[in-house]
Structures are given as C-alpha cells and as structure tokens.
Amino acid sequence: MDAQVPRQRALAIAGERIAGGVGVHETALASPEVVDLGGRVVLPGLNDAHVHFPTWSLAQNELSLEGCTSLAEALDRVRVEGRNGRLIRGFGWRSSEWAEQPTHSRLDEVSGSTPAALLAKDYHSLWLNSAALALAGGDLEVDGGVVERDGDGEPTGILREEAAWRFKERHLTVGDDEYVEAMRRGLKLAASRGVTAVHDKDGWLGALRLWQKLEAAGSLTLRVWQSLPADLVYELQSLGIRSGFGSGLLRVGYLKVFLDGTLGSQTALMLDGSGVQITSGDELAEIVRAGAAAGLPVAVHAIGDRANREALDAFEATRDTWQPLGLRPRIEHAQLLAPEDVGRFAALGVAASVQFSHAPSDRDLADRFWAGKTDFAYAYRSLLESGAVVANGSDAPIEELDPLAGVRAGVRRTIDGRDGWHPEQAVTVQQALEATTTAPAWLTGDERRRGKLLPGYAADLVVLDRDPWDDLDAEVVATMVAGRWVHNPPPWK
C-alpha cells in the first residue's frame, strides 16, 4: 500500500514492528521463524472506520429481523423467539416497503405481556409492544425525537431518533459483564475477517470502560480509536484528556455528534425542508470550537443534503480554531450531497467517513425517497476525485463488520446480483483498499506508523488466500496485530 514500493516478495518482522524486507529477496532474511506464504498475499491490517462494536457484538445473539419482507414475516420470527418472561430484543426490520406497518398491537399478538423492543435496521427507530411502552409510563417525548401517534393521538409503538435512544438508555440496559463477554466473541470474529483496528462509535454507552476491561485482561486483539459524546467536551477539557490519550491498543479519539436522522427512518435532514434536525449548524460550530480547545476533533453524523451542508458550513466557520492544531474532523456517512458541496470536503480538509456497503444496501430506499437526487448519493468516486480523504467502515451492526465485503461493495456497487447501482460512483480496488487501510490510519494520526507495510510501521497485517487485485473474492487466511497472530497462526495447509 505504498506507491514507491507497491509490492515485494518478503517481509521481516521484529517484535511489534516491521523491521525490513521491503526490496529484499526472501532468501536474504535471516530469522528464527520463516513463514512460506505458498502463493498467498499479505496486506496491511484492515480497518473499520465506523463500527458500534459493543452493540454489534451483543447483536450476534439477538433476534434478527434482517430481510423480512412483510410485517407477517417479522411477527413470525418474534413468535418463534417465544415468550420466556424476559425482554424480547431484536434488530434489523425495515418497513418502508411493507404493505402493513408495525404497531404495538400487532406485536402484542406474538409477544403477549413480555416486553418487546425491536430496533430498525438503521438503529434510529424502535418498535415496542404495549408491555414495553408501559415501561416508559407515558414519558416518551424528547427534543430531537419522534413519537409516532395514531388518529386518536395514542403512540403506535414506533419511536424515532432521540425518543428511541432515550428509551433504549433507560429501559434496555445491559450489564458490563454481558457486554464484555459478547465483545470477547466479537473480537474473535473480527480477527477472522482481518480486522486489526476499529473506530468505535459506542462512546455514549461507555464503550471506553468496556474496552479497558478487555485490555486489562489481555483480551484486546485490535486497535481502538474511541468516540466520546460531545456533551462531555468540557469535562474532558478540565481533565486534560486530549485526542490520542491511552495506550498502543486503546486511545481516546474524537467527539461524536448527530446532526440528523437516517434515510430508512425518513428523518434525514433535507434541503427540501423534510427530516429531523438533532443538532443545529450553530450548535455544531460551538461544539467544534469547544472540541478544538480540548484538543479533540469532531465526527458528525450527517445523512441528508442539508445536514451535510450545515456540517460543512460549521467546519468552515470554525476552521481557524481546529486547522492550526492539526485536528482531523470528519463527516460520518455523507450519504446525500448537493453537487456544489462535493468539493468542499477536500477544500476544507474534512474527511468523509463512509460505508461502501450502504450504497447497494440502501439503493431501493434511495431510489424511492430521494428520487431524482441520487446522482450524488453515496458519491464515493466523486469525493475521491475531488481530493477528499475517504475512509471506509461498516456501521455494524447496521451492515456486517466485514471489511472485504465492504471493499467488494465499493467496487461493484451491488451485493445481490443486480447490475451496479450508479456504477459511475464505483471505486477501484486500490481506492477501496486505501479507504480500508491508509485513510483510517491517517484519521488517527498514525499515517507514519500504520496502514502500510514499511520498516518501522506496526506489524498489523492480514494474509489473504489470493491477490484481491486479481480476484476480488479473496478471503482472509490469518491476521496479525503488533507482531502477534490473533487469528489462525501458521503453518497452513
């Protein structure tokens, strides 16, 4: 992944770092251990620049409603889950094309008196039954939230944005031990997919504390760049906790802000006036200034074209505070852009933290809700050609934590056998891998330490069964972090 030495035949590793071997024939490497790749290919370790890791880990054992094409199918899956007296938790429903929409009364039919809380695929909407609604005692309304109501003014059971999140924080709590155990399993799965670093977005639920428990136990097998809620910025400043604080594996990274909702929940903030505004552009500018004073860059969730414009405007208005400090702000998702805003990312030095897999996954929703505007939806090639830094993530559990699947989605713009959606926005294999290796390392300030296989860089790497430039369906064989095999050490058959 270096333009000067794009590929070599050998690599020497000493301790946690790459010691040499670049430009050296493999027979010149004296080492107590030599691994013959047998025609396999080594790349820098894969990064996921946007993942809700604790939430994703926990979701591996929850009821999945992914792919349900009707309300009836979703209810059948809940029925199979059974009424065991405990809370029924699930995720993954997407009702925009269902003939019948979800309500608490329909969910009651299969859940009975057992509280049921089912998160939508985009995690910005929550479907509750009557027993779960009763937990809130009628306290559902919150600024930046949506409580859907019927013709009589009664809640239907659907909460969106801040209303959904507050209910989740108050009534869907999970203990640290359960999270940590789920994350142990999640780390093994991530390692099997070549993941050596993540930018975690679950700061709001105390993910830093959970990661610390794993690191203290010697169980942390990837590098973490951790988000923290923006409303903690003044506390962090008073404590002197700046971006980069932590260890070689676990560091405080950045502040996370939500500006709008999502496409699937129809709460993305749009230039046509529709959508939900969670944070205003002026409020974001204030947060960016406070973050700069605390030494913390800001990552802002922006989906709709108006949300992205307001985010760019806020970064432009505050550029004199964050740019001299070398902070690297980012817009998360950047899903729909007005054509005149595409070039502003590079001009301002704001990175686009995107998810290649979202484009083919969301194509039908985008064609429906953003009809006539999709030429600059998920505009990854346009952003790259404008000079913007584009980093790729999964947004797991919304999509699966699997960087190679994301690479394929970015190159092919399809995941289901159909022709590529807006193929003019497809990226090359090289661009997709850069967005999954070097760009995320740049966002963490590690561009001279990670993301490439050069002497002095961290020995974070993945072994693939074949060359992805020749065959995009290459698969992970083994994974190394800091010179230690964390998945499937050699020898291999």
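Predicted model: local features only at pLDDT ≥ 70, side-chain atom pairs only at ≥ 80, totals over all residues.
Figure 1. Trp-370 is placed in the loop between α13 (358-369) and α14 (380-385). Leaving aside residues up to four places away in sequence, Trp-370 touches Leu-263, Ala-268, Met-270, Ile-303, Gln-335, Leu-336, Leu-365, Ala-377 and Tyr-378.

Figure 2. The largest nonpolar core has 69 residues. Among its members, Leu-284, Ile-331, Phe-345, Trp-370 and Tyr-378 touch the most other members. Helix α9 (residues 281-294) supplies the largest share of this core, 7 residues.

**Figure 3. The contact between helices α2 and α3.** Two packed helices are described by the angle between their axes and the distance between the axes. For helix α2 (residues 71-81) and helix α3 (residues 104-111), the axes come within 8 Å and cross at roughly 35°. The crossing of α2 with α3 is right-handed. On the α2 side, the residues that take part are Leu-71, Leu-75, Val-78 and Arg-79; on the α3 side, they are Arg-106, Leu-107 and Val-110. Sorted by class, the contact of α2 with α3 has 5 nonpolar residues, no polar residues and 2 charged residues.

**Figure 4. The contact between helices α15 and α16.** Helix α15 (residues 403-412) packs with helix α16 (residues 429-436) at an angle of about 140°, and the axes are 9 Å apart. The two helices are therefore oblique to each other. Their crossing is right-handed. Helix α15 contributes Pro-403, Val-407 and Val-411 to the contact, while helix α16 contributes Val-429, Ala-432, Leu-433 and Thr-436. The residues of the contact of α15 with α16 divide into 6 nonpolar, 1 polar and no charged.

**Figure 5. Val-407 in helix α15.** Val-407 is found in helix α15. Is Val-407 buried or exposed? With a relative accessible area of 3%, Val-407 is buried. Residues up to four places away in sequence being left out, Val-407 touches Asn-392, Ala-432, Leu-433, Thr-436 and Leu-472. Asn-129, by contrast, is 278 residues from Val-407 along the chain, and the C-alpha atoms of the two residues are separated by 38 Å.

**Figure 6. The buried residues of helix α5 and what covers them.** Which residues of helix α5 (residues 162-171) are buried? They are Ala-163, Ala-164, Trp-165, Arg-166, Phe-167 and Lys-168. The elements that cover the buried residues of α5 include the strands β7 (116-120), β8 (125-128), β9 (145-149), β10 (155-161) and β13 (250-258). Helix α4 (130-136) is also among the elements that cover the buried residues of α5.

**Figure 7. Two residues with positive phi.** Most residues other than glycine have a negative phi, and most peptide bonds are trans. Glu-161 is not a glycine, yet its phi is positive, at about 55°. Glu-161 is placed in strand β10 and is buried, with a relative accessible area of 0%. Ala-482, also a residue other than glycine, has a positive phi near 55°. Ala-482 lies in the loop between β19 (476-481) and β20. At 18% relative accessibility, Ala-482 counts as buried, because buried means under 20% relative accessible area.

**Figure 8. Two cis peptide bonds.** The peptide bond that runs from Ala-396 to Pro-397 is cis, and its omega is near 15°. Pro-397 is found in the loop between β17 (390-392) and α15. Another cis peptide bond joins Pro-490 and Pro-491, with omega about 10°. Pro-491 is found in the segment after β20 (484-487).

Methods:
Residues numbered from 1 in each chain as written. Heavy atoms only, no water. Axes fitted to C-alpha atoms, helices over the stretch in contact; angles between N-to-C directions. Helix = DSSP H or I, 4+ residues; strand = E, 2+ residues; numbered from the N terminus. Left-handed = near helix turned anticlockwise from the far one by under 90°. Contact = heavy atoms within 4.5 Å. Nonpolar A, V, L, I, M, F, W, Y, C, P; charged D, E, K, R; others polar. Parallel < 35°, antiparallel > 145°, perpendicular 65-115°, else oblique. Core = buried A, V, L, I, M, F, W, Y, C linked by side-chain atoms within 4.5 Å. Buried < 20%, exposed > 50% of the residue type's maximum accessible area, 1.4 Å probe, protein only.
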